[in-house]
Amino acid sequence: MEPDFLSLPPDLPVPEDDGAAAHLVGRRLPNVSLEATDGGRVALSALAGRSVVYAYPRTGEPGRPNLVPDWDLIPGARGCTPQTCSFRDHHAALRALGVAHLHGLSTQTSAYQREAAERLHLPFTLLADPHLAFTKALGLPTFVAAGQTLLRRLTMIVDEGVVTKVFYPVFPPDRSADDVLAWLRAPDA
């Protein structure tokens, strides 16, 4: 049976905060250029203003099975498409609250991500880090499935290249943009 990438099963395991993202707040992003789904390149460290960068393990592709049969049992693995759709659906609200740049980030290739960006009609780009240059330089939390190193799901608010806020772990993934919006409206709450 083909997985339904747009919905989340009710019994997904909840990821626990293992402290793997605790070092990120206050860090300057590394000067690493990443390939974007629009064909360009983006150095997140050089972006002016406020950016939101959400990292995710990998998008699924219709007609193809999950990476591993027990994908849904890995805490935090399932939900990349719902998370991406939440940012797509709230893109205008994020912009209205001062977010100048929004990007998704995974270790998948840009060619693979391009399919998802087109299929989901994204008004922002997905960034590729298949060689883990950005991931390793910043020390982003990862896990391995089917021999592939994948990002653990997190969201960073970045101001002028410096991480201001980190949401980790992100759960449920389809509420990720809502959580960011709530923080942008009341950052001291």
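**Ground rules.** I am working on a predicted model, where local features need pLDDT of at least 70, side-chain atom pairs count only at pLDDT 80 or more, and totals for chains, interfaces and linings use all residues. Residues are numbered from 1 along each chain as its sequence is written, and side-chain values use heavy atoms, with hydrogens and water left out.

**Strand 1.** I take strands as DSSP runs of E, at least two residues, numbered from the N terminus.

Strands count as paired if DSSP finds at least two bridges between them. Strand 2 (residues 41–43) pairs antiparallel with strand 1 over 3 bridges, and Leu34 sits opposite Val42 there. I noted 4 residues between the two in this hairpin, with Gly39 in the turn at a positive phi of about 95°. Strand 5 (residues 125–128) also runs antiparallel to strand 1, joined by 2 bridges; Glu35 has Ala128 as its bridge partner.

**Cavity.** I count a cavity as a set of points, on a 1 Å grid over the protein atoms alone, where a 1.4 Å probe fits but cannot get out; lining residues have an atom within 4 Å of a point. The largest cavity holds about 40 Å³, volume being the space filled by probe spheres set on the points. Its lining includes Leu12, Asp72, Arg78 and Phe171.

How values were computed: On a 1 Å grid over the protein atoms alone, a cavity is a set of points where a 1.4 Å probe fits but cannot get out, and a pocket is an open set with protein on both sides within 12 Å along at least five of seven lines; lining residues have an atom within 4 Å of a point.
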